[in-house]
Amino acid sequence: MSSSRYAELIERIARLCDEVIEKNIDPFVVDVKESLRRLREGLSEMDEKTLVMNMAALLKIIYVIALQQEDVKKRASRLYLDPFLMEVRLMGLDRERLAESFLKAFRPVAENEQATLGCMRLAYGYWASLREYSLPGGGEAPEAGTLDTLAEILPMEEADLEREMEKLLSEIGRGMIDYYDFVGKEGEDRKVFRALVLSFLMMRGLVGVVQDPLKNRVWIFRSSPKNIGKHSVALPI
Amino acid sequence: MEQEERIRSRVARAVQLLFFKSHRIPGVKGWELKKNLGPGYLSIIKFLNTRLQDLGLTIKIVSDDGRELSMSEDESRLSTARFYVTLRDELSLTAAKTMGWSIDEIAGLAVVISTIISRKGSAPVKEVEEILKKKFPEWRVRLNLSRYVKRGYIAEDGNNLVLGWRTFAELDVEKFVHYILSA
């Protein structure tokens, strides 16, 4: 047999092994014994390049053997299920029975959602990736400046944020303050930042919000967590 | 008295860590608990667990490879495992509905998870979709699959679907398979 014929044969074996390894198909489709016999054939006649290919194919067969071993282990375990039998079983059950079987083994996690800097970073990433689209309602693309401001805020440490919250809280006196005057107090550059920090104060119940939809005005005031009603307000800035 | 107060504040801190989500995934790693509660963190967790059990909750420990661990497990395994608070008892169908689940959603998830398990933990998306289409309206199949991915019950691995972190945290896989086969 010529070297090119050997190379072709080796390539075919290697390709089959690749299919099994990459596509997660049944590793027993590779006949290991036969493949090894073919790789051994004509070893003395192969040129250097074909020998390297031979070695690479041999390594792939070793990997397939490991997969076969893993497969045997799984089949021997209690969790092994034949895919076809499982499908037949699933088709034979109505939705209620399926749901009931699931719920018998289901114990949901008790968790409390909250806004964290991590969430804000995620949201920022989302909005930044939508830069070329318009914002709903506004009809305009988000300004680069706004996103830059957010980009400055998000790497902030919790401790810095706490400091900024304290600072803003001290600016709010006893009476009602116009929301837009308050967030825009230090100019457009700091507007988004102040609104974000203020939203954290609102979330903690330290600042309350009153809206007058007729006059389209929004006021904020100092509050304590126990005095504040829980509701969500979207305030455009 | 001082000792009692110290324990009380540690238990309170453990509650904060376990219930309030501070990462993308709920729960907290063993090493994080140790860092916050000190080297005796397991005693605090055990004590909290007994209190939670009275409320119908329990602390579940899941290792990186999705196995449930007990509190007597080796320290090194516990430190990389994730601690969750889960319901202790079975949910009724009515209770699940009040939690926002529909029967179709639950049944669909049961089909998806069973299919993935029967295919050795990884099933092609197309195959899963085909099986779902035999039981549910076509428009619902993609929608439900993306919901399951978003909630963490399954994950995409190239063109395949694998079990997600939430399945390991919330489902006793072995029991589930048993219930499906014996239903």
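In this predicted model, the contact between the two chains draws on 35 residues from chain A and 46 residues from chain B. On the chain A side, the elements that put in two or more residues are helix 4 (83-92) and helix 5. Helix 5 of chain A is the top contributor to that side, with 10 residues. Sorted by class, the side of chain A that touches chain B comes out as 16 nonpolar, six polar and 13 charged residues.

Zooming in on helix 5 of chain A (residues 95-104), its axis comes within 8 Å of that of helix 6 of chain B (residues 103-118), and the two cross at roughly 70 degrees. Angles from 65 to 115 degrees count as roughly perpendicular, so helix 5 of chain A is roughly perpendicular to helix 6 of chain B. From helix 5 of chain A, the residues making this contact are A:Arg95, A:Glu96, A:Leu98, A:Ala99, A:Ser101, A:Phe102 and A:Leu103. Helix 6 of chain B answers with B:Ile103, B:Asp104, B:Ile106, B:Ala107, B:Leu109, B:Ala110 and B:Val111. By class, the residues of this helix-helix contact split into 10 nonpolar, one polar and three charged.

Some of these names turn up again in the largest nonpolar core, which has 55 residues. A:Phe102, B:Ala110 and B:Val112 have the most contacts inside this core. Helix 6 of chain B gives the most to the core, namely nine residues. As for A:Phe102, leaving aside residues up to four places away in sequence, it touches B:Ile106, B:Leu109, B:Ala110 and B:Phe176. As a general point, nonpolar side chains tend to be buried together in soluble globular proteins.

Now for the sheets. In chain A, three strands line up in the order 1-3-2 as an open sheet with antiparallel pairing. Strand 1 (177-178) and strand 2 (207-212) of chain A sit at the edges with a single partner strand each, so each has one side left without a neighbour in the sheet. Strand 1 of chain A is joined to strand 3 of chain A (residues 217-222) by two bridges, and A:Ile177 has A:Ile220 in strand 3 as its bridge partner. Between strand 2 and strand 3 of chain A there are six bridges, again with the strands running antiparallel. Here A:Asp212 faces A:Arg217 of strand 3. Strands 2 and 3 of chain A also make up a hairpin with four residues between them, and A:Asn216 in the turn has a positive phi of about 55 degrees.

Chain B has an open sheet of three strands too, in this case with the order 5-7-6 and antiparallel pairing. Its edges are strand 5 (122-124) and strand 6 (154-157) of chain B; each has a single partner strand, so one side of each lacks a neighbour in the sheet. On average, neighbouring strands in this sheet are turned by 35 degrees against each other, direction ignored. Strand 6 of chain B pairs with strand 7 of chain B (residues 160-163) over four bridges, in the antiparallel sense, and B:Ala155 stands opposite B:Val162 of strand 7. Helix 7 of chain B (residues 125-133) lies across strands 5 and 7 of chain B, at about 75 degrees to strand 5.

Conventions
Residues numbered from 1 in each chain as written. Chains lettered and ligands numbered in written order. Predicted model: local features only at pLDDT ≥ 70, side-chain atom pairs only at ≥ 80, totals over all residues. Axes fitted to C-alpha atoms, helices over the stretch in contact; angles between N-to-C directions. Parallel < 35°, antiparallel > 145°, perpendicular 65-115°, else oblique. Contact = placed C-beta atoms within 7 Å. Nonpolar A, V, L, I, M, F, W, Y, C, P; charged D, E, K, R; others polar. Core = buried A, V, L, I, M, F, W, Y, C linked by C-beta atoms within 7 Å. Buried ≥ 20, exposed ≤ 12 C-beta atoms within 10 Å, placed from the backbone. Pairing = 2+ DSSP bridges.
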